[in-house]
Amino acid sequence: MIKANGLVSITDCEKEDILRILDLAEQFEKNPNPHLLDGKLVATLFFEPSTRTRLSFETAVQRLGGRVIGFSDAATSSSSKGETLHDTIKMVSNYVDLIVMRHPVEGAARYASEVAGVPVINAGDGANQHPTQTMLDLYSIKKTQGRLNDLTISMVGDLKYGRTVHSLLMAMRYFNPTYNFIAPPELRIPEQYRIFCDDNHIKYHEDTDLNSVLKTSDILYMTRVQQERFTDPVEYEKVRNTYTLRNSMLDGTKDNLRILHPLPRITEIATDVDSNPKAYYFEQARNGVFARQAVICSILGLV
Amino acid sequence: MKASHTELIVRALKNGTVIDHIPADKLFKIVSILELDQLEQQITIGNNLESKKLGKKGVIKIADKVFKAEELNKLALLAPSARINIVENYEVVEKIDLSLPESVHEILQCVNPMCITNKQPVSTRFDLLDRKRGIFKCHYCERTVDLSEIVVK
């Protein structure tokens with residue numbers, strides 16, 4: 001369950017934790033500015049840049065009346081002088097009530113939560129976890145579909161390296177989903193997640209053809225092929241433009257279909273989709289503030 | 001009566017430990033990981049011996065040595081099929097079944113080069129995720145590995 005020492009991984013969340021966070025997020029959406037964080041100080045430590053995530057967290061804190069210190073790039077932090085993560089976290093723990101951390105090294109957030117004297121929220125640790133993204137994805141699904149149970153979710157693009165896909169896939173296990181995994185062979189969903197589905201009796205179907213699943217999907221979860229995950233630029237060029245969703249492809253899809261994307265998008269969703277009412281990715285980003293407010297207040301025991 | 005070679009090896013041990021049924025390709029790895037080459041005691045090592053179960057097997061026999069739990073954990077990770085016999089006064093007094101530990105501290109190295117344990121001075125920890133399939137999960141980066149992939153330090 002979500003512990004007092006923070007939120008590091010979506011795998012730490014049980015069904016009740018998820019439902020509680022989603023209920024709280026709904027309350028914050030109705031009233032985003034209760035002064036629950038008056039007098040609280042939050043550190044946002046971004047050892048790699050992520051403007052979107054950092055602004056979302058800082059908005060969540062400031063709208064609740066809290067204040068923020070931190071850095072947005074490792075180059076401006078003491079880690080550029082060779083300070084270990086351990087020492088940076090120990091030092092910052094002295095100053096704040098909560099640490100929000102993005103770090104390029106996998107497992108950095110778990111380690112930070114073990115050495116920090118205050119709770120740590122993982123805002124992304126390399127290709128591993130980004131649990132508040134998963135919470136906002138779940139909130140967006142629940143909000144657009146009215147439920148989490150028995151949905152057909154098609155995940156498209158980089159299913160090999162895409163951590164948002166892996167986390168969402170695991171978090172939805174409580175809600176009897178049916179998955180379509182649409183990816184080029186090079187970016188196929190890893191075996192451990194196929195085993196995970198089998199072990200949890202989750203139905204899934206793998207395909208390389210996006211069109212084959214559009215008409216049956218409730219949620220279309222598009223992802224960007226992330227250049228930074230490839231060591232070989234030739235491999236990246238081969239797969240980067242495999243899937244592009246265009247407005248015309250949405251003809252005949254279900255009325256309740258919504259298109260989600262963790263953003264930023266490059267070429268995988270054409271801009272002519274943006275005006276379609278089924279496009280939901282910008283509202284999805286907005287939901288991130290409410291989901292993060294819910295996580296922060298829950299961890300600090302303020303709700 | 002003339003005894004067979006393997007029988008002779010086992011019988012020759014008065015007090016100590018016999019590791020039997022080691023897959024032949026794991027024998028020298030075990031010697032290295034358990035640092036058996038550093039021991040002062042008498043050691044007999046046999047490899048590529050005939051085995052009905054394994055085809056070819058290895059046997060290690062160490063005088064006056066009883067393995068600690070941590071060493072047995074390493075053995076379980078390297079060669080879960082191995083059998084441990086404790087010998088006292090030429091008799092096998094105890095057989096130890098190896099089983100995969102629920103949690104492994106420091107012994108394993110994470111295969112993920114981007115894991116914090118490979119980047120900063122952080123001790124490794126793995127948790128057993130699936131005993132039947134022999135799958136462990138890194139406590140930090142959450143990468144899963146099976147027994148064929150693990151790297152024992």
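This is a predicted model: local features need pLDDT of at least 70, side-chain atom pairs count only at pLDDT 80 or more; totals for chains, interfaces and linings use all residues.
In the domain assignment, chain B is divided into domain 1, covering residues 5-97, and domain 2, covering residues 103-152. The C-alpha centres of domain 1 of chain B and domain 2 of chain B are separated by 26 Å. Contact between these two domains of chain B involves 6 residues from domain 1 and 5 residues from domain 2. On the domain 1 side of this contact, helix H3 of chain B (residues 69-78) provides the largest share, with 4 residues. Sorted by class, the side of domain 1 of chain B that touches domain 2 of chain B consists of 4 nonpolar residues, 1 polar residue and 1 charged residue.

An open sheet in chain B is built from 4 strands, arranged in the order S6-S8-S9-S10. Pairing within this sheet of chain B is antiparallel. Strand S6 (103-105) and strand S10 (144-146) of chain B form the edges, and each of them pairs on one side only. From one strand to the next, the twist of the sheet averages 30 degrees.

Technical notes. Residues are numbered from 1 along each chain as its sequence is written. Chains are lettered from A and ligands numbered from 1 in the order in which they are written. Two strands pair if DSSP finds at least two bridges between them. Helices (H or I, at least four residues) and strands (E, at least two) are DSSP runs, numbered from the N terminus. Axes are lines fitted to C-alpha atoms, for helices over the stretch in contact, and angles run from 0 to 180 degrees between N-to-C directions. Domain bounds come from an automatic or database domain assignment. Two residues are in contact if their C-beta atoms, placed from the backbone, lie within 7 Å. Ala, Val, Leu, Ile, Met, Phe, Trp, Tyr, Cys and Pro count as nonpolar, Asp, Glu, Lys and Arg as charged, and the others, Gly among them, as polar.
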